[in-house]
Amino acid sequence: MLSGKRILLIVTGGIAAFKCHDLIRRLRERGAEVRCVMTEAATRFVTPLSLQTLSEDKVYADMFSLTDESEMGHIELSREADLLVVAPATADILAKMAAGLADDLASTVLLATDKAVLVAPAMNVRMWAHPATQANVMTLGGRGVLFVGPNEGPMACNEYGPGRMSEPLEIVAAVEGYFTGKLAPPDPRQALPQPPEAISLPHRPLLGRRALVTSGPTREAIDPVRYISNHSSGRQGHAIAAALAALGADVTLVSGPVTQPDPAGVRLVKVESADQMLGACKAALPVDVAVCAAAVADWKVAKTVNAKLKKTPGAPPPAISLVANPDILATLAAGGADRPALVVGFAAETEDVIANAVAKRQRKGCDWIVANDVSPGTGTFGGERNTVHLVTADGVDSWPTQTKDAVAARLAARIAQHLVAG
Ligand SMILES: Cc1cc2nc3c(=O)[nH]c(=O)nc-3n(C[C@H](O)[C@H](O)[C@H](O)COP(=O)(O)O)c2cc1C
């Protein structure tokens, strides 16, 4: 898709600079030519040699290099590009771009260019949330600068929130979006992202805490070869288990049949039916937090048979009668002495998402409900992204649509905050 497109990649001095290696590789895989400019600060994070090797081109960093200026002046750098991509874009470069400063090669090229500019901001959540940065984003959006990200998630500085640079493939998608006319600059009135939620956490805040996560569908046997199940992919539950483990928790993941890769660093217990899932959950107790993300079948077949049901010509199809499955969330929430300090349920709804989730929280006796809309049009089942509402005793917090990994990271951060803050 990017065959022959010339990308001038401006790398600035943020911790996410290491991701530009992958970005260069991904852009070149798609046929783009990549030439790099680095700020002085960027050279502290990644070496010009690594970018030169990956881009197979000279890397430019010094504005006053006689050789560079005679071979490829700062104006020429922008002239020879189809698109300028700033990744990672520091708070500093956004401020310089907004103010029109030109005190090094990167900012001078950005001021001198008449080409489109796509920026991938990457910074600490408070730097991103700062009114100065937000005003700069608005200014730049108003001038037609294109944005990708930032994403929300745990940060290198033990904080959680928006500010992480988009992943290389997301930046590639934005580059492709630009060339296919699908990427538009943000509306300056809406350029402000959702109010950022910053959560400060100590390092590995869940060390010494135990967590139980259920994930995936359950399978309720009809006979030895047939079953009743649902479309749950286990993606969200597995991501939550991984996110809790990343914060230091000792995690048991009880999963129904899924094709997700096993998350690293968690104890995985594979089950099929709701009865088995309940048994595995009880065996994992006591835990500090239980997150019930599995889509447990509400019903199971009243009487399973040990031999395959046969189709007899002329005979009516067999009637299958159902009985209720155990309610794993309600059981864990009732719990007695073993009740986890925090019990979190999921509510997959297709209508009245929030109202149903609020009622479910009451009915099940759990502490929090993560409600999501799984109507066919949303692509939630099996999809990459999720739009969720966190329902607690304090009210409803609606999160922006984000990847399931980002939902997991945010939920894990909230859990850590709750457990650590007491
Ligand atoms: C370890 C470390 C990590 C940093 N990470 C970031 C970052 O992710 N985002 C950012 O805006 N600034 C970050 N900074 C600050 C910038 O490096 C600093 O503002 C610098 O002047 C940016 O220069 P540049 O915009 O010319 O590259 C970091 C600084 C240090 C020491």
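Modeller: Two strands pair if DSSP finds at least two bridges between them. The model discussed here is predicted.

Colleague: What makes β18 and β19 a pair?

Modeller: Strand β18, residues 342–349, and strand β19, residues 368–373, are joined over 6 bridges. The requirement is at least two bridges, so β18 and β19 count as paired, and their sense is parallel. Glutamate 349 stands opposite aspartate 373 of β19.

Colleague: In what order do the strands of the sheet containing β18 and β19 run?

Modeller: The order is β14-β13-β10-β15-β18-β19-β21-β22, an open sheet of 8 strands with mixed pairing.

Colleague: Why are β14 and β22 said to stand at the edges?

Modeller: Strands β14 (267–270) and β22 (395–398) each have a single partner strand, so one side of each is left without a neighbour in the sheet. From one strand to the next, the twist averages 15°.

Colleague: How do you know that the buried residues of α11 line one face of the helix?

Modeller: In α11, residues 274–284, the buried residues are Ala274, Met277, Leu278, Cys281 and Ala284. Seen down the axis of α11, these residues fall within an arc of 125°, so they line one face. An α-helix has 3.6 residues a turn, so residues three or four places apart point the same way. The buried residues of α11 pack against β10 (210–215), β11 (220–223), β13 (250–255), β16 (299–301) and α12 (328–334).

Colleague: Why is proline 150 called buried?

Modeller: Proline 150 has 24 other C-beta atoms within 10 Å. The term applies at 20 or more, so proline 150 is buried. Proline 150 is placed in the loop between β6 (146–147) and β7 (151–154). Leaving aside neighbours within four places in sequence, the contacts of proline 150 include Pro121, Trp128 and Arg164.

Colleague: How many residues surround the ligand, and which are the closest?

Modeller: The ligand is surrounded by 15 residues, the closest being Thr12, Gly13, Gly14, Thr39 and Thr90. Helix α5, residues 91–99, gives the largest share of the shell, 3 residues. By class, the shell holds 9 nonpolar, 5 polar and 1 charged residues.

Technical notes. Residues numbered from 1 in each chain as written. Predicted model: local features only at pLDDT ≥ 70, side-chain atom pairs only at ≥ 80, totals over all residues. Helix = DSSP H or I, 4+ residues; strand = E, 2+ residues; numbered from the N terminus. Axes fitted to C-alpha atoms, helices over the stretch in contact; angles between N-to-C directions. Buried ≥ 20, exposed ≤ 12 C-beta atoms within 10 Å, placed from the backbone. Arc of directions from axis to C-beta. Contact = placed C-beta atoms within 7 Å. Near = placed C-beta within 6 Å. Nonpolar A, V, L, I, M, F, W, Y, C, P; charged D, E, K, R; others polar.
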